[in-house]
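Q: Could you walk me through this structure? I'm new to it, so please take it slowly.
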Amino acid sequence: MGWMPWVGDPGPSPVGHRKERNVHGSGIRRVFALAVTAMMLFTACSSSATTAPTAAPANPTQAAAGTAAAGTSAAPAATAAPELSGEISILEKYSDPKYAPYWEKVVKDYMTAHPKVKIDLQAEGDQPVKDKLRVLTASGNLPDIYFSWAGDFAAKFVRGGFAADLTDAVMKTDWKNSYLPATLDALSYDGKLYAVPITLDAKVMAYNKQLFADNGVQVPSTMAQLLQVCDTLKGKGIEPIAFGNTYGWPAVHYLTQLNYYYVPAATLAKDYNPATGEFTDPGYVQALQAFADINTHCLTPKSNGITHENAQAEFLNGKAAMQYVETVEFGLLTDVNQGAPEGFADKMSFFKLPAPEGAAGDASYLEGAPDSFMVNSKTQHMDVVLDFLKYVSSKPVAAEMTQMLGWLAPVVGSASADNTFPQNIQVLDEINKAKGMAIWLDTVTQIDVANAYLNGLQAMLDGSKTPADVMKDVQAAAVKAKASVSQ
Amino acid sequence: MVVGRLRRFSSWLWLLPAVMLVVVFVYYPVVDNIRLSFFSWNAFAPREKWVGLDNYANLLADPIFWKALFNNIAYAVVSIVIQVGGGLVLAAILEEVVTGRWKGFFRVVFFIPATISLTVTGLLFQFIYNPKIGLIDQFLVWLGHPELVHAWIGEEATAIWGIIAMSQWQSTGYVMVLFIVAMQKIPRELYEAAYIDGASRRQAFYHITVPLVREMSILMLIITISGAFLVFSEVQVMTAGGPNNASHTLGTWLYKNAFFNDQMGYAAAIGTVIFVITFAIAVIQLWWNRGKQVEY
């Protein structure tokens, strides 16, 4: 009921944009205006309490999970630089106590090495950071360095003129060699770099080696084989792929990779750009149909009523043989401290979602994206900001993230058998093999298109829409998206 | 004279801080929200663009808005029947029928759900409604009716009802306790006199309890109905409005438009509609109730 304390939203949905302009309005009034809209809701819901959103992050795309700190030491030395001074602010989204200590340590170490630099670090949760970024943007108070997801979320800052162009600083210097090239591609807009990657995430099919061996199935290498594997497992009473789609993004993650399999990359690039998107290629419907086939043969039925996390329990308990997961979830699957069953780490391996034979797309793209830091185009301390970001991308600092959090860093050579588990090293191989990263469909596209996919796939799973219906909605959304950027 | 004027002035002075706070944090936002609903704007486009009544026209043509409004109305109707009606009956039973230490026991049992955080309740019910391992579906299978198994909050037809049901579970005990408080203020002699005159318990309920808790009932009605139009957290925690936007309420649809879809002006228009509805309901109820106190 309405008088209950307001509880925050773990909502996983992506965010969108409308036409942006390079003009700054009167800050205070705009903050107020934003607050007003929020207040219509929040004061209404209850002014009695404002509990900070604590619900479990629903989307590991954005609220990644990692391994707990594994006894790290040896603070990496800060980069030697001329005496830098000034105060900068950073807004990131790793307030979760599991992840927060890493960024606190990075900032502290940096300030120790640069006594005249003061860094104000603000950590938020997954959802609050989206709201806060909007309020700060509207008021002209963006921090010097701020978190952003790859895709249209970042593009909004670029279109609005809020993001500094980092092309000269990174791409035209040796700095670029620190990063895996695929991660920089994912953060480029119109050929310019506006963000630097800070984490690395890819989507793969995790599987239970023991269940595969016990039931005599091999790792599939084509889509048709995957469906066969599913049928075999189902025949033996094993759930093939654990799947929970309450919040919509897990289905969209299948489509992210499937679209790359069925539609040529150039067409995708055109359609994912809101200014030119049409979504008329027949491959799109084929991708949706492929998802429908996977659903029939492999996925948990009635998945809209199951969360991704609940589905994961089935996989961890050995009742389901596979789950399509992000590599930042590997910690949950391998680390006993994070709830993985004893010995599961040895049973778990993964493969890339198998591609269909003879489809028109490019199977060498791998689904995934780096999370990133953007730089406020109005920063007063560009020298400090760049030096700090360079420090974050140095090998020892990045390696420490992998060790402390279990996440892969986008930095070349930062992961090794010394600081992470073998599955993570294999992921790096996959990423190195990939021609590029296929950014999450719900964050790479404009919000109307993303919503059409999120809702349409849920409707498909519910049986109320066909692939052709969904595509019609997506095409209509693309028209709306085009209008929104050409206003 | 001077002292009197001073005193009058000082009373205003004492009121001033409260008035200022209410004006700044309640009335100004309400008015500014209405103003904003005539603009198209978002955080990334710093200039507001006047669009007149476009946002309202879009609202009327938006099927999800109507769906959300329907969901709010469904929430209100069910909550009135179960929370207010059921809470009243439960309270009367606990006060009049149950005796001794059971009274306290049941009060606690019914009240406990209201003390659980919504996030926890949401997770709990996600399990209860889970189509694979959930209590409800397993019970249905056990009863021999596997055809009745549903992904309760995962199907467009049932999602909002699953959330509404959770709300009833959580809040009925709360309303009940407030009714118990009201009932305890009713003089016992009225009941004793009625029973001596041969009234049954049911008659005593209709002719003594119900009229004398009228004020509490009205209050509960206002709170329940306006609460139903402001529902947000329950939906956000359980389904975030899904599947396929089937379980949005006005509150979650506002939030989605403001903070995901970046359509602040449109969200402001939804906010205005919510305000008008809840304001109207409060006015109607207060007007309807004026001067109808019952005393014996």
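Q: Leaving aside its neighbours within four places in sequence, what is A:Gly283 in contact with?
A: Leaving those neighbours aside, A:Gly283 is in contact with A:Tyr262 and A:Val263, where contact means heavy atoms within 4.5 Å. Before going further, please note that this is a predicted model, in which local features need pLDDT of at least 70, side-chain atom pairs count only at pLDDT 80 or more, and totals for chains, interfaces and linings use all residues. Residues are numbered from 1 along each chain as its sequence is written, chains are lettered from A and ligands numbered from 1 in the order in which they are written, and side-chain values use heavy atoms, with hydrogens and water left out.

Q: Where is A:Gly283 placed, and is it buried or exposed?
A: A:Gly283 has its place in helix 11 of chain A; helices (H or I, at least four residues) and strands (E, at least two) are DSSP runs, numbered from the N terminus. A:Gly283 counts as buried because its relative accessibility is 3%, given that buried means under 20% relative accessible area, exposed over 50%, and partly exposed in between, with a 1.4 Å probe and protein chains only.

Q: And how far apart are A:Gly283 and A:Asn424?
A: They are 141 residues apart in sequence, and their C-alpha atoms are 32 Å apart in space.

Q: What about A:Tyr260 and A:Gly361, how far apart are those two?
A: In sequence 101 residues separate A:Tyr260 from A:Gly361, while in space they are 5.4 Å apart, C-alpha to C-alpha. A:Tyr260 is in helix 9 of chain A, and it counts as buried because its relative accessibility is 10%. Leaving aside neighbours within four places in sequence, the residues in contact with A:Tyr260 include A:Leu268, A:Tyr272, A:Asp362 and A:Met437.

Q: Moving on to helix 8 of chain A, which of its residues are buried?
A: The buried residues there are A:Met223, A:Leu226, A:Leu227, A:Val229, A:Cys230 and A:Leu233. They lie on the same side of helix 8 of chain A, because they cover an arc of only 155° around the axis, the arc being that of the directions from the helix axis to the C-beta atoms.

Q: What covers those buried residues, and what does the face turned away carry?
A: The cover for the buried residues of helix 8 of chain A includes helix 7 (209–214), helix 9 (249–262), helix 11 (282–297) and strand 9 (320–326) of chain A. On the face turned away from the buried side are the exposed residues A:Gln228 and A:Gly235.

Q: How many residues does helix 8 of chain A have, and what comes just after it?
A: Helix 8 of chain A (residues 223–235) has 13 residues and reaches 19 Å from its first C-alpha to its last, close to the 18 Å expected; the expected span is 1.5 Å times one less than the number of residues. Just after helix 8 of chain A, A:Gly237 takes a positive phi of about 80°.

Q: New topic: how many salt bridges are there over all chains?
A: A search of the whole structure finds 22, a salt bridge being a side-chain nitrogen of Lys or Arg within 4 Å of a carboxyl oxygen of Asp or Glu. One of them joins A:Lys105 to A:Asp109, with the closest N and O atoms 3.0 Å apart, and both residues lie in helix 2 (residues 100–113) of chain A, four residues apart, or about one turn of the helix.

Q: Which side chain does B:Asp262 meet in a salt bridge?
A: B:Asp262 meets A:Lys156, at 3.2 Å from N to O. This pair crosses between chains, from the loop between helix 12 (250–259) and helix 13 (264–289) of chain B to helix 4 (residues 152–159) of chain A. B:Asp262 is buried, with a relative accessible area of 0%, and A:Lys156 is buried with a relative accessible area of 0%.

Q: And what does B:Lys132 meet?
A: B:Lys132 forms a salt bridge with A:Glu314 (3.8 Å, N to O). Here B:Lys132 is partly exposed, with a relative accessible area of 35%, whereas A:Glu314 counts as buried at 10% relative accessibility.

Q: Finally, how many helices and strands does chain A have?
A: Chain A has 20 helices and 13 strands, and of its 487 residues, 63% count as buried.
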